[in-house]
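Reader: I've got a two-chain model on my screen and I'd like to talk it through with you. Can we take it piece by piece?

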Amino acid sequence: MLDLKSLAVGYRSAGAPLLSGIEVSADAGDFICILGRNGSGKSTLMRTIAGLQPSLGGVARLGGEDVASMRPGTRARRIAVMLTERAFNPGLRVEDVVALARQPFTGWEGRLGDGDRAAIADAVAVMGIEPFRRRYFNSLSDGERQRVMVARALAQTPRLMILDEITAFLDLPSRVEIMALLRTQAKEKGQVILLSSHDLDLSLQLADSVWLLDGAGGFSVGAPDALSRSGAVGRAFDTDGIRFSPSQGRFEVSTSGPQPPR
Amino acid sequence: MRVRTSSAALIAALAAVSLLTLTYGQIALPLADTLGALTGTQSSDLARQIVLEIRLPRVAAAIIAGGALGMAGVLMQALFRNPVADAWSLGLLAGGQFGVALTVTAAAFAGPAAVSFLTIFEGPSITLAAAAGVAVAAVFMLALGRRVGAITLLVIGLMLGFTSQGLTSVLLHFAARAGGRVYGGWQDASFAAIAPASLPWLLAPIVIGAAAAVATAKPLSSLLLGETYARSLGVRVTSLRHAVLAATVLLVAPVVAFCGPVSFVGLIAPHFARALAGTARILLLLPLAALGGALLAVAGDAIVHAPWEQHFLHLNNILAILGAPVVILILIFSPAVRQWR
């Protein structure tokens, strides 16, 4: 359903693209984790696929249509995003935030129909945010806000959901819960979910497929097992201080590395 | 539902206060005479003259201007994502005033022909001059708003307001010396100065501005989430900004031109509207903020024109007493403001 054809992403002003020649496709129901260190181009890649930023070459197609040339309204009905950018909004209540996801589907007044209300109720129930539905979005904790923003993305009933570091403010049980829940959503609704995360363990366990950015322009795709066994995960993340152990599937702190300053 | 109930309550309150200020003043009329004059049935000539020719234009101007400022406040608070934004607090009204002062001064120095041109085409020319000033101030503040926080922007807006009010009074001083005696006493906000013939010039741009506000309401609601989210919801953000700015200028410029720098109404009406509506959806806030702004303006005007022993109270002083404490509460308690620290 999602096809990237020799896609190059980055900022025109920066000269060379961050990533180029990306060839990958994803099927409906795929739960894909994008892994890579800070600055490796995860967010740029996701914004480009979402059509929020022009590509530097190649195309991203969703259901055969070039995302970059879709009409904004059409794109909004097919792709939902959740970004690291803080949503700041005076006077918005939680239910307003979630309801805004239905804007691409409503008329000029933005009046919600039965289908819209059902989608909102569904997303609210799935994310368990019913208890603070009437509260102001600004008064929520970081973790609660992230749940609301995930619910907002779900309520947009997209074919492709792009979620950038959405679990950053959550504790471990909540992270596991939300990622497992998104995986189930992808399967049930036949959506493609692209999720970037710093949670390597969790991503490698839950993803159908991993897109790995090594920070030097390299891009590898594969099943989590294959990528960790081939040493690709290690190449992307190893430093003097930590090493990825393919046999154990986790990082080990290297004792011979540089010592913390005393 | 809440919007309908609140609107009905506000309309009732607005009608009551309007009727009160149409009836009581330096000369108190029997209520029956006021109603008679308004409906065109039996009434004395004196009552008809007082109600229809003196008081009604003033009340109409207050309703129209207050409503326009309330709607403009809703637009600006969403556009700037700033709970203390409004045409007055961010210096748009002062910018408009300065635009008018420049035009009047230029005409005064250009000679009597220019002055009489300005006098004959008073309505459109001062509205246009005000619109230019408002637009320049709005574009400047919008650019600045992307660099500084909400409170800094408020302070800068107020300072710009002081600056351009100072410049306006200096300009008008020289304009008067050059022979243009136009608009000398116009620096203070007042709904009483408008000539009945000018009411259409006040109303027409505001009606267009209100229609534009309604048309931009839905995409503007999604801008509350931030620019990127708005784009992801299919909003063309740049054209939306232009449309909202245009609507704001249409709503605000005629108010500056005919009523002066009316303070606080546009700032606090949106907050009342949000509290009444229980939502931040722009389309629902617009009518409530318009009615709330109109109510506040008429109430302020009623206090100014109550039969006091000595005259005159100034409209902006009354509005400050009503409005400033509300703004202080917003600054202390609004979670949206606290976030910016």
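Author: Helices (H or I, at least four residues) and strands (E, at least two) are DSSP runs, numbered from the N terminus. This is a predicted model, where local features need pLDDT of at least 70, side-chain atom pairs count only at pLDDT 80 or more, and totals for chains, interfaces and linings use all residues. Residues are numbered from 1 along each chain as its sequence is written, while chains are lettered from A and ligands numbered from 1 in the order in which they are written.

Reader: How many bridges join strand 1 of chain A to strand 4 of chain A?

Author: Look at residues 2–9 for strand 1 and residues 57–62 for strand 4, which run antiparallel. Within that pairing, A:A8 has A:G57 as its bridge partner. The count of bridges joining the two strands is 5.

Reader: Which strands stand at the edges of the open sheet of 4 strands in chain A?

Author: That sheet has the order 2-1-4-5, with antiparallel pairing. Each edge strand has a single partner strand, so one side of each is left without a neighbour in the sheet. The edges are strand 2 (19–26) and strand 5 (65–66).

Reader: At about what angle to strand 1 does helix 1 of chain A run?

Author: Helix 1 covers residues 42–49 and lies across strand 1, strand 2 and strand 4 of chain A. Axes are lines fitted to C-alpha atoms, for helices over the stretch in contact, and angles run from 0 to 180 degrees between N-to-C directions. Contact here goes by C-beta atoms, placed from the backbone, that lie within 7 Å. Against strand 1, the angle is about 125°.

Reader: And the open sheet of 6 strands in chain A: which are its edge strands?

Author: The order there is 6-7-8-3-9-10, with mixed pairing. An edge strand pairs on one side only, and that describes strand 6 (79–82) and strand 10 (219–222) of chain A.

Reader: In strand 10 of chain A, what stands opposite A:W211?

Author: Strand 9 (residues 209–213) and strand 10 of chain A pair in the antiparallel sense over 4 bridges. Opposite A:W211 you'll find A:V221.

Reader: Which residue takes a positive phi in the hairpin of strand 11 and strand 12 of chain A?

Author: Strand 11 (residues 242–245) and strand 12 (residues 250–253) pair in the antiparallel sense over 4 bridges. The hairpin has 4 residues between the strands. With a phi near 70°, the residue is A:G249.

Reader: Over to chain B: what share of its residues is buried?

Author: Chain B is built with 14 helices and 0 strands. Its radius of gyration, taken over C-alpha atoms, is 20 Å, which agrees with the value near 20 Å for a compact globule of 341 residues (the globule rule is 2.2 Å times the number of residues to the power 0.38). A residue is buried if 20 or more other C-beta atoms, placed from the backbone, lie within 10 Å of its own. For chain B the buried share is 56%.

Reader: Which helix of chain B gives the most to the side that touches chain A?

Author: The contact takes 25 residues from chain B and 27 residues from chain A. Helix 8 (199–223), helix 9 (227–232) and helix 14 (335–338) of chain B each supply at least two residues of that side. With 4 residues, the one giving the most is helix 9.

Terms used: Buried ≥ 20, exposed ≤ 12 C-beta atoms within 10 Å, placed from the backbone. Pairing = 2+ DSSP bridges. Contact = placed C-beta atoms within 7 Å.
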